[in-house]
Structures are given as C-alpha cells and as structure tokens.
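User: Could you walk me through this structure, one question at a time?

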Amino acid sequence: MPQTLEPLLRGQPFFSGLAPGHLALIAGCAANVVFPAGTFLFREGEPAETFFLIREGRVALEIAAPGRGALVVQTLGEGDVAGFSWLIEPHRWEFDGRAVRRVRAVQMDGTCLRGKCDTDPRLGYDLMRRFAAMASNRLQSTRLQLLDVYGHAHGS
Amino acid sequence: MLDAIRRRGFRLVGPVVRDGAICYDDITAAADLPAGWTDEQDAGAYRLRRRDDGALFGYATGPHSWKKYLFPPAARLLPPEQPPDRPFAFIGVRACELHAIAIQDRVFLGGQHKDPHYEGRRAEAFIVAVNCGEPGGTCFCVSMAAGPRAASGFDIALTELLDDGGHRFLAEAGSERGADVLRQMRARPAADADIRASRTVSERAAAAMGRAMPQLDLRGLLYENYGHARWDDVAARCLSCGNCTMVCPTCFCFGVEDVCGLSAGTGDGNPERRRSWDSCFTMDHSYLHGGPVRVSVRSRYRQWLTHKLATWEDQFGTSGCVGCGRCITWCPAGIDITQEVAAIAADP
Amino acid sequence: MRTAADTARPAPLSWIEPRQWRVAAADRESADVVTLALTPPEPFRFQPGQFNMLSVPGIGEVPISISGDPAVTGRVLHTIRDVGPVTRALCALGPGQHAGVRGPYGTSWPLSAAEGGDLVIVAGGIGLPPLRPALYQAIGRRDRFGRIVLLYGARTPADLLFARELRSWRSRFGLDVQVTVDSAGRGWHGSVGVVPGLIPRARFDPAAATAFVVGPEVMMRFAVRGLLAAGVASDRVYLSVERNMQCAAALCGHCQLGPFLVCRDGPVFCYRPLARWLGIREV
C-alpha cells in the first residue's frame, strides 16, 4: 500500500485547520501529479471530475476567443486551488488550464470526494466553506480586473 | 480726513450706492458715501431704503467685499502684471471684514508660499474701519466672535454718532500712520460721553443680530455628520450657482488657466497665464481623470459648508466664517448656513 | 517670459513663475508614457515622492511626480502619461526643447522611518514612477533594510514600465520583485491577476514592515486592505494621493481632501489619519 498523501495535504494552505480525521478521510482521494511546461491540466468543456492543489509552478486559466487567440484571465501559483466545476453541475471545465512552467500538484478525485462528503456532512460543510471563501476572493479579484482601473478615463 | 488720506497717495475706495445696492467703488470725498441710506436684508432678499437722517454708514454690508481689491476677480499671472500705481485706502471696513481680511492674510501670506499679488496690494493698504450701528437682518458676527466692534487690524476706527450732540465721528487710531492722519484733523480729544456713546452703539448692534450660529464645537459636529440626511435636504434647494462663494469675504479659491492666440490680452498673441475666482460649486472644481470627484450638488454644498466652518481650521488655523451674512442674503434659494448647522445639531 | 532684468532679481521666485528647463532626453516607456530627462538651470534637490509642476506655455500646467534618482542632480526625470492636452504636449517634447518647471512640492516617502525593517512597495500602473526614487534611495542604503519587496502590476504586458530595471533590481540588488498584469495573451509567461492578489503570498514580516502604495485609488483601497489583513500596522502604510491641483502652493483651494491640502499635506500621506476621509464618498 503506497504511503498516503496525508502529510502532503496537511501542508497545503487550502486544508489548513482541517480536522485530522477529515484529512485522513480525503487523503485517499489524492494523487501526486506533474505537468510539464506547455501541457494542459484541463480543457474547456471536458468533464470536470478533479481539482488541483498547486504545489509548484504556474497555471494559466485561459479562454480561446476567435480572432484573438488564447486570452489569459488569471494565473495561479503555489498554494492556489484550480477547479470549482467538480462541485457544480454540469461538472464541465469552464476554462483551459495550461502549465506555464512545470507544475507539481496534488490532484483530488472529485467523485471520490463528493462521496465522502455525502457520508460525512461535517466534512462536506467544512469543504464548502473553504471553497466559498476562495470563490469570494476570486470574485473580488475578478471584479477589480473588470473595473480596468488603469484604463484611460474616456476609454483607451 | 478722506482728503488727508488721499493726499498721502492712496486710492480711496469705499461704499457707494450703485445698481440698487451698496457696493464698493472709487470715491474722492465724503459726499460720495451713501448718506441717508440703509439696507433691509433677509435670506435671499436685499433692498435699499431711505433713512430719515443723514448717516453715512447706516447700513450693513453689501454684495462686495474688500477681497475685490486685495484678491481681484481676474488677474494675469504671466507675464507679470504691473502692480497698482497707488496703494488702497479702504473706507468703512466693518469688524467682520477686518476678520475676513485677517483670515485671507493667513491663506495668502501665512504659508510656505506667499501670493505676491495679494502681498503687493495688502502691504500698504490703509484701513479706516467703522463700528457698526445698524447690523443687518442676516448678520451673525457676534456668534462668530468677529464683531460688531473693530478691535484690531485698522489704521483708524470710526464710530458714527448722530444724536443731540450733532453728527460727528469718534475716531480711534490703530496705528502710527493712523494717528498721524488724525493729528492733522481739526479734531478735539474725545469727551468721555462720546466714548461711552460709541460703546453703546456697539452694544446695541451686538443685541440686534439677525441670526446666530449655534454655539458648539462646529468642527466636531460637522466631522461626524458627513452622511447626514440634511445634506440631501439642502441639495434639493441649492442651485449650486456659487453666489455665496462670490460674495463671501473669505472664499479664496482661484482657477489658473493658460491662454494663447490672438485673444491674449497683450495683443501680440503670446501665451498668458491667468487666474480668476473659482467656486467649489462648479463641476470643474474637483475635476480629476475625466470627471469631478464631487459630482452631486449634495457633495458640493457639503464641501462649501464643511470647509467654511470645519476643515478651514485644520488647513489654516482659524474658522473661515465671520458671520457677515452675505451668503444668506445673496442666495437665490434663501439658504441660511446658521439654519443648516442648527438642523444638523438638532439631530446629529 | 523672463527678461534680462528679471534674471538679476534675487531668488526665490514666487510660486507663479516657472523656470525653463531644457529637455535632455525623451524616452518612450510605452504607448502612452514618456520619461523626460530635464536639466535644471541651477542645482535642484528633491525628496522621493515629491513632484514638480510642468508646463507648456499657452497650453497649461500639471503636477508630475519626479521619477529619477535623488542622488543624480544633473538630470531630473519625470515620467508622464498622455491623458490630456498638457501631458500630450509634454510627451511630444524632444531634446533641445524646453518645459516650464517649478517645484519641488509636497511631502515625501518616509524612508528613514522604514529603516530597520522590511520595505514593501505596491505599485499599480503609472503609480510606479513616483515610487522609483524611493527604490533608488533604499537600494543606495540597502543594508539598512531587511527584505525589499516590490509588487507591481499594469493593465497588460505592453504597459509595464522600466522592464530592464525590474530585472536588474531583482538580480543585482536582491529585491523581491513580483510583477502581474490584469490581462495578457499567450506570449506572457508571468502572473496574470490584480496587484492586491500578490500581497498574501509576498514574503515579508508584517510586524516590522513599512508599505508604500501608489496606484488608481480603487486599487490602493484593495491593496491597503490586503496589507492590513496581512498584519501591517495602519500607521506604517503610506499612500500617494491625487486631487485637482492648480497652484501646488496651498493657495488655490482645489486639492482639498477633507482637512488636507494634497499639495501641502501630501501627496504622500500616512494611511491612518487619511483612512476615514478615503471612506467618505465625494469628499
């Protein structure tokens, strides 16, 4: 039986403060992954059954627009989490996730995790709170990007 | 006396009847003064009325203030203007106006950078003050500790006495050159009765104020009430016309503008830099990056009032208001700052 | 505008009169940003954070932060963004031409107070130029500071300023430089996201840190929020604030921000006394 990834998960800021029992429970859903630079962690439209805790490297969230090529909306780095769609119907990735530099990450199996949350609602509640906080943070940043604060007052 | 001052090389300016009001303009002799006139003032109202005596100073203040001479409405900054050829002598300066001049002295001369235009006009100005005998319906100098008696900042202070003893002036020297002028006059030393009469004039004036500013910590009150509902109330009435800022003797905002082309005043098309009176009620006043910071009338009225009564103190160490009441009289909507403050104080 | 007789007049000049400084160089930093190197006619000294009033006769006058090294006195740098008629005219000046200059005005970055701890510099867009003199001075006294962190962002990679210096600050002087942009295409391999987003992961000791922040006011509010959340004391955060400025001499009344005159009490302010005023709309 390979060593569990529990120690690895414990070190992740996203799971900081998670009850040790819960950590052990979800460790079984975790796997260590590496993505060489330029490869994709996920692609827009594909089934989203996983999310990633980034340990090293940089992931660009991109969207492909006709005539404009790939547009990067945000980059995520060490300590960030990539992926909400495993939580929400219809479970499909909304962006491309490309490794800008080589990425080491912990990949969490969404189906496995959803099952454990169904069994243990306390675990479910705790994880939902963490994702809600992260989503709120992302929203704030995104709104700030939307404001285009550096733009010319009359449009540039 | 006016003659003596004029012959010392001063340009006399003082009150005259003009355009249905008592305004400040060039004068040459006492005959130019508004003898036998008085004014009736209320919020948004000003009328001249004939007196039944010949008092020369039997009225309060009109739409002009002495800033029209010390800080002219329009001036050229570059190329430098010629300074005035003669210093001014202001005839008939009220106590509130002495305070207003002192307040503007702090603004234009009291900081790290002095204003040379103001300095040039202020330095030699000869001031003949008059102690008010007839305060107006909008006066509240007493509650602003700015009158009605002239205490300092003048060369000569006059109290007009018009009673059984005749029509005469009690004159008090406030400076060496003021004393010098008085020594030249066919004057007799003041009798005790006249000195008492002069004080009575001031006491009666103090008791006849038309308005009163609430006596409380204005700065503290206003600092805590930037979100008060009263600002919406006054914004519904205020036209943001800026009259108050034009008649106020302490308002000092000015705009700087570069002008070039054939319209430039020197006539040769060279660029000029000019300044002119500005008002915080304009949309342009707070313009920054494509739009004003203060867009709503609510915010602009609030800026004016809080500056006048509160933030002025942080910026310059004094209040900005002398209780002359001009802003109340000349507001077309009849807005009264003493009432606005009272409304906020009543329900902070 | 100054005659021969005028030059015989003793200094100091009144607040009104600019001197004509010669343009030594005009470097284009980005599509709408130019750095003018101006030569003062006599020795000129300034503190980091201060600004000059620059003018083009007949067009107007604007406040521009001085963006060069205070230790270099022969050329004074001004980094200008083209946003209106005056800045457009300034950005169009070439070597040999002249600009009207008066100054320096305003308060400066409190570098001495920041010594002994970490220095965190947060800059957005055209907010980096007013901070650059502080960076130069801090680098000149590198051993007096702990970590020096620069968090800098712009709209797109093409809008980033001083790219070469950013690299040299990182490599030669050991500054922790984190750069981000609001949006980018594939060619950009750096971070994409807002500047305040860099704060949680920046490495510094908040208990002993001083922060200098400049950028659009909205960005500064978010950045200050992030700094305070990270544990930096509110009286160790400093901002540079802008308001309509016409005289720069505390005479014309335009630059008021509540009780403050930005030309005299700023543009550099300590956050703590300013905080309540930044929170009032349209003040």
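User: Happy to start with chain A: among contacts between residues at least 6 apart in sequence, what percentage join residues at least 24 apart?

Analyst: A quick note on the source: this is a predicted model, where local features need pLDDT of at least 70, side-chain atom pairs count only at pLDDT 80 or more, and totals for chains, interfaces and linings use all residues. Residues are numbered from 1 along each chain as its sequence is written, while chains are lettered from A and ligands numbered from 1 in the order in which they are written. Two residues are in contact if their C-beta atoms, placed from the backbone, lie within 7 Å. Among such contacts in chain A between residues at least 6 apart, the share joining residues at least 24 apart is 74%.

User: Thanks! Turning to chain B, how far apart are the centres of domain 1 and domain 2?

Analyst: Domain bounds come from an automatic or database domain assignment. For chain B, that gives domain 1 (2-207) and domain 2 (218-346). Taken over C-alpha atoms, their centres are separated by 25 Å.

User: And which element gives the largest share of the side of domain 1 of chain B that touches domain 2 of chain B?

Analyst: The contact takes 35 residues from domain 1 of chain B and 33 from domain 2 of chain B. On the domain 1 side, β4 (45-50), β5 (74-78) and α3 (95-109) of chain B each supply at least two residues. The largest share, eight residues, comes from α3(B).

Note on methods
Helix = DSSP H or I, 4+ residues; strand = E, 2+ residues; numbered from the N terminus.
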